[in-house]
Amino acid sequence: MYLSMYICNINTIILMIGRIEQTKAMEKSITAKRSAFVAITGRRRVGKTFLIRQVYEKNFCFTVTGIQNTAVQTQINNFLNKLKEYSPKQPIVGKINSWQDVFILFKKYLESLSKTKKQVIFIDELPWMATAKSGFIQLLAHLWNDYLSKEKHFVLVICGSATSWITQKIINDKGGFHNRVTLPLHLKPFTIAETKQFLLSKNINHTPTGIAEIYMIMGGLPYYLEQIEKGESVSKTIERLFFSETGILKNEFQNLYKALFNNWENHEALVRTLALSHQGLTREELIQKSKVQAGGPFTRAMYDLVVTGFVTETAPFGKRKRGTLYRLADEYSVFYHRFIKGNEKKDSAIWQTIANSQKYKIWRGFAFETLCLKHIDEIKNALGIRNVYTEIDSFSKQGDEKESGFQIDILIDRKDATINICECKFYESNFEITKKYAQEIKKRKAAFIKFTNTKKLVLNTFIANEDVLESPYSLEVVDNFINIKALM
């Protein structure tokens, strides 16, 4: 009894964390006086199916999940078996081998349902079910246009991790589904504040630095975060989940992209290449290093990765129309390629060696920059410029014989004639600004102003997981300071 109450409370809490607006919108489709077509997208492990079941389960009249990488007949048999479960009295005579015959039976079943309550049809992993040339998509569109949309008591819910597929084939379709989706929702991973809330809901009380480290390794994916156990240190959690023989995230990468994309080899090649680059790569650099063919293969794979949220695009300062930099935004994929790959067969204690290595400490600094890039809204809020229009840029100047080059990963270019140069620091203790480092900061700021010829006010903004120790040097160069706690 107590266990079931605990699970119920956790489920309610999860709905309240990061999903409040989506839940409200979905609930409106139940009370609306017309049928609704709901399309929910989001990457693998983000909690799409969980949310749908929590909101709609009491109204389900039919649910089915597509099967990955299987023949059309297997998909048809799977659909028919589910139909038998929901409508045992409806006979299915003979062998059915076309989706058209399936939809005739399906419509007959739907017509038999009560019209006094909302009836929710849920098709999970739709991209797996709608195989090429099967006709499933066209028949589903016809069912919606010819019958479901004309009634008032249906909610058609489709879902899938292949966000780009659903976006192209359903939401932005120019054919039978054109402008038919009444509620498109895209679920994002939790923010770091929501991650903290989620962990607290499980009575896990890590420090802000511990939460940041967890986020830098596994991101804000509910499924990953659910695996964290109370009373376990961050280091022990990482060792158990990523490096132990039964670690649930040890081999996650093997199916991550295969489950989402056709021609997944191109996606994995791009991800692998970006995972080994700290600052990001241009299109030309990425094509050269990944060996993915330029043109269609690269464009399609990169579109998929960007739409799904695995990759982000940033523009160098002053070059918004050209020179786009691609960065891998999926924390797990970066961590996998840098620290798990090649260590799969080693004892789990290898993590203690990795965690104390200089390579890992350097990586944490770059991973913290990615965390900050994902939380620009929270940074703006901490700076008191929430309602100021901004553009987020990077900046790089190559060195020459006369001057040294320098790199700025995050620039907040503001409409109020101000630019924040963001310096992101991840340390195990409070950060001290030395005389030498202060001189480097002043030199970089002066070089940026001179090279860009900007007339805007330029501010040095420090973001760190711990505090910056106050000293004459910090007072001299730190215009704004944000502790990670402000983002939580």
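Guide: Strands of a sheet pair through backbone hydrogen bonds, either parallel or antiparallel. Here five strands form an open sheet, ordered E2-E3-E4-E1-E5, with parallel pairing. Strands (E, at least two residues) and helices (H or I, at least four) are DSSP runs, numbered from the N terminus. Two strands pair if DSSP finds at least two bridges between them.

Visitor: Which strands stand at the edges?

Guide: Strand E2 (60-65) and strand E5 (183-186) do. Each has a single partner strand, so one side of each lacks a neighbour in the sheet. From one strand to the next, the twist averages 10°.

Visitor: What should I know about the model itself?

Guide: It is predicted: local features need pLDDT of at least 70, side-chain atom pairs count only at pLDDT 80 or more, and totals for chains, interfaces and linings use all residues. Residues are numbered from 1 along each chain as its sequence is written, and side-chain values use heavy atoms, leaving out hydrogens and water.

Visitor: How many bridges join E3 and E4?

Guide: Five, in the parallel sense, between E3 (residues 119-124) and E4 (residues 154-160). Ile-123 stands opposite Ile-158 in E4.

Visitor: How many disulfides are there?

Guide: A disulfide is a pair of cysteine sulfur atoms within 2.5 Å. The whole structure has zero. For Cys-159, the nearest cysteine sulfur is that of Cys-61, 17 Å away.

Visitor: Is Cys-159 buried or exposed?

Guide: Buried, at 0% relative accessibility. Buried means under 20% relative accessible area, exposed over 50%, partly exposed in between (1.4 Å probe, protein chains only).

Conventions. Axes fitted to C-alpha atoms, helices over the stretch in contact; angles between N-to-C directions.
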